[in-house]
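Colleague: I am new to this model. Could you take one part and look at it closely, then carry on from there to the rest?

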Amino acid sequence: MNKPLSLILRPETIDDIVGQNHLLNEYDGLINKMIVNNFLTNIIFYGPPGVGKTSLAISLANDLKCNFDFFNASNDKKEKLQSLIKSANEKQLVLIIDEFHRMNKNIQDYLLEFIESKKVIVFITTTENPYFVINPAIRSRCTILKLKELDSKDIFEGLKKIIIKLKLNLKIEESGLLDISERSNGDFRFAINILEIIKELYSDKVIDKSFTSSLEFLKSAKGSSYGDEFHDLKSAFQKSIRGSDVDASLHYFSRLLEIGDYETLMRRMIIIAYEDIGLANPTIPVRVYNACNAFRQIGMPEGRIILGLAVIEMALSEKSNSSILAIDSAISDIKNNNVPEIPSFLRDNNYNYSSKFNETNNYKYAHDYENDYVDQQYMPTKLKNKQYFKPKLHSNYEKKLIDIYNRFTNKTKK
């Protein structure tokens, strides 16, 4: 059996990489700078499936002329890792570790020792947020590079290069190639697989948009993660939930579900839960997050029930954006350098001689007072009357929260 086209065409140098100009450009691209200066360091390549994380790791190792090997955290055992590390000799070993988010904690702990001693340099790939799934000690010893999702233009140009490089005898028109690119949802590997199917089975056909639109196996990929349609769907989905229209929410949810980019859909659901519902129903974000994790475990088609239930509950819930307005208002002050001096009695008094510099004795310990509250200035003096948080009292929970706050803060001070 012939090797898949995606393996045959795996890049061997960064010149072959599709997209990722922010890392590869000659002006300030970090990967390009590493190669020019022959600099080697631990890297975490983080990004969605199909954007070229492993290909970029291999290409970088090749361009740096490194001795490298592979470890797949999904199915390789600890014994293989031990063997690879043991085999590392005088020549620096670069260990490319795929699916690192699936590596259990005890193997991560074992690996840390050799990263610290620099017996191995690691190129880690993961589709999950490194701050959630990677041991902080390993993460702190790595440079995190986020790979951007490929747009249809990147994929279109990449496919054209493949056709020229392999001298494929195809009657393929730009409209057909662009349609494949748009339907690939940013997954270049998917696009290559489609091209391979066309090469093997439809080389006698004229491949234009009308033809690609008729292919059943491409219909399931309807909708582009990078075209206006996909962004419009995400926008309509969020605005329908924000507007409490449960039927419209389910309609746009179903269209997004059909595209198959589940991670983007779930990310948007979690954002909506925190941004548009927030303190009006603070249990919703937790339930949506748990629903997304359950979906990852169950998968489709049953997973539609789990996510659909969360969508219905979000649409029918009370809404409040008071928290994000307060957060952004506070952040805006910091970005505008509105950062006055911290009141002296709030500063750290644990280091030696701190009492000589700070009036720490004036600090009132809230737990020593009735209701664990004491009226005291915490804001810097120049901002003491600043109010970031402005509750929305139509929300039952938010109103209750403020009522409780007002009740315990209005008690007589000692």
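Modeller: Start with Gln 377, which counts as partly exposed at 30% relative accessibility. Keep in mind that this is a predicted model. Gln 377 sits in the loop between helix 20 (354–357) and helix 21. Two polar contacts involve its side chain. A polar atom of the Gln 377 side chain lies 2.8 Å from the backbone oxygen of Met 379. The side chain of Gln 377 also makes a polar contact with the side chain of Thr 381, at 3.3 Å. Now look further along the sequence. Setting aside residues up to four places away, Gln 377 touches Pro 343, Phe 345, Leu 346 and Lys 384. Take Leu 346 from that set: Gln 377 and Leu 346 are 31 residues apart in sequence. Their C-alpha atoms are 9.4 Å apart in space.

Follow the chain on into helix 21, residues 396–409. Thr 409 belongs to this helix. Thr 409 has a relative accessible area of 12%, so it is buried; the cut-off for that word is under 20%. Its side chain finds backbone oxygens. A polar atom of the Thr 409 side chain is 2.7 Å from the backbone oxygen of Tyr 405. The Thr 409 side chain also reaches the backbone oxygen of Asn 406, at 3.4 Å.

Arg 139 lies in helix 8, residues 136–139. With 18% relative accessibility, Arg 139 counts as buried. A polar atom of the Arg 139 side chain lies 3.2 Å from the backbone oxygen of Ile 134. Ile 134 is also among the contacts of Arg 139 once neighbours within four places are left aside. Arg 139 and Ile 44 are 95 residues apart in sequence, yet 7.9 Å apart in space, C-alpha to C-alpha.

Next, the helix pairs. Helix 9 (residues 152–165) packs on helix 11 (residues 188–201) at an angle of about 40°. Their axes are 10 Å apart. The two helices are therefore oblique to each other. Helix 9 passes helix 11 in a right-handed crossing. From helix 9 come Ile 155, Gly 158, Leu 159, Ile 162 and Ile 163. They meet Phe 188, Ala 191, Ile 192 and Leu 195 of helix 11. By class, that contact has eight nonpolar residues, one polar and no charged.

Helix 16 (residues 262–277) and helix 17 meet at about 170°, with axes 9 Å apart. That makes helix 16 roughly antiparallel to helix 17. The helix 16 side consists of Tyr 262, Glu 263, Met 266, Met 269, Ile 270, Ala 273, Tyr 274 and Ile 277. Facing them in helix 17 are Ile 284, Pro 285, Val 288, Tyr 289, Cys 292, Phe 295 and Arg 296. This contact holds 13 nonpolar residues, no polar and two charged.

Helix 15 (residues 246–259) packs with helix 18 (residues 303–316) at about 150°, and the axes are 9 Å apart. The crossing of helix 15 past helix 18 is right-handed. Val 246, Ser 249, Leu 250, Phe 253 and Leu 257 come from helix 15. In helix 18 they meet Arg 304, Leu 307, Gly 308, Val 311, Ile 312, Ala 315 and Leu 316. The count by class is nine nonpolar, two polar and one charged.

Last, some backbone details. Most residues other than glycine have a negative phi, and most peptide bonds are trans. Pro 301 sits in the loop between helix 17 (284–298) and helix 18. A cis peptide bond joins Met 300 to Pro 301, with omega about 5°. Ser 244 lies in the loop between helix 14 (228–242) and helix 15. Its phi is positive, near 65°. Ser 244 counts as partly exposed, at 37% relative accessibility. Gln 20 also has a positive phi, about 60°, although it is not a glycine. Gln 20 is in the loop between helix 1 (5–8) and helix 2 (21–24). Gln 20 is buried, with a relative accessible area of 5%.

Key:
Residues numbered from 1 in each chain as written. Predicted model: local features only at pLDDT ≥ 70, side-chain atom pairs only at ≥ 80, totals over all residues. Heavy atoms only, no water. Axes fitted to C-alpha atoms, helices over the stretch in contact; angles between N-to-C directions. Helix = DSSP H or I, 4+ residues; strand = E, 2+ residues; numbered from the N terminus. Parallel < 35°, antiparallel > 145°, perpendicular 65-115°, else oblique. Left-handed = near helix turned anticlockwise from the far one by under 90°. Contact = heavy atoms within 4.5 Å. Nonpolar A, V, L, I, M, F, W, Y, C, P; charged D, E, K, R; others polar. Buried < 20%, exposed > 50% of the residue type's maximum accessible area, 1.4 Å probe, protein only. Polar contact = N/O pair within 3.5 Å; in protein donor to acceptor, adjacent residues only side chain to side chain.
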